[in-house]
Amino acid sequence: GRRDKVLEFFETQTKRLRGSPEWEGWMSICFVHDPASDPAFSPFFTQEWASRLVVSIHNLLTTSFHEMPLPSMMKSHVQAVKTRRLESRVRELEATVEALTARI
């Protein structure tokens, strides 16, 4: 794994996280020989946990992107697509009107 990144994280965040009950156990992960077999950390090394993490991240990103405004470039593209669709529909309706007028 990326033990160096874990160490870097805890080195930079130790002061802020020290004394925080929810992070106390995590402060020792750097010193655990095999975290996957340690009872405190083993749940985080299961396939079920990994699957739930993927779903959670997917939901977070989906919600975030759904709530974000479209970039200007994307807005103009969406507007152009709408305009082409509406122009196509107008041509279809004009053809229908012509055909019905011819039958009258």
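**Exercise 1.** Decide whether F9 is buried, partly exposed or exposed in this predicted model, and then classify the ring pair that F9 forms with W23.

*Solution.* The relative accessibility of F9 is 34%, and since buried means under 20% and exposed means over 50%, F9 counts as partly exposed. W23, with a relative accessible area of 29%, is likewise partly exposed. Turning to geometry, the ring centres of F9 and W23 are 6.0 Å apart, and a pair requires centres within 6.5 Å. As F9 belongs to helix α1 (residues 3–17) and W23 to helix α2 (residues 21–24), the pair ties together parts that are 14 residues apart in sequence.

**Exercise 2.** Classify the pair formed by the rings of W26 and F41, and state for each of the two residues whether it is buried or exposed, or partly exposed.

*Solution.* The centres of the W26 and F41 rings lie 5.0 Å apart and their planes stand at 55°, so this pair is tilted. Both W26 and F41 sit in the loop between α2 and α3 (47–67), 15 residues apart, and their pair links distant parts of the chain. W26 has a relative accessible area of 26% and is partly exposed, whereas F41, at 4% relative accessibility, counts as buried.

**Exercise 3.** Which residues do ring pairs link into a cluster?

*Solution.* The cluster consists of W26, F41, F44 and W49, linked by ring pairs.

Terms used. Residues numbered from 1 in each chain as written. Predicted model: local features only at pLDDT ≥ 70, side-chain atom pairs only at ≥ 80, totals over all residues. Heavy atoms only, no water. Phe/Tyr/Trp six-rings, centres within 6.5 Å; stacked < 30°, edge-to-face > 60°. Helix = DSSP H or I, 4+ residues; strand = E, 2+ residues; numbered from the N terminus. Buried < 20%, exposed > 50% of the residue type's maximum accessible area, 1.4 Å probe, protein only.
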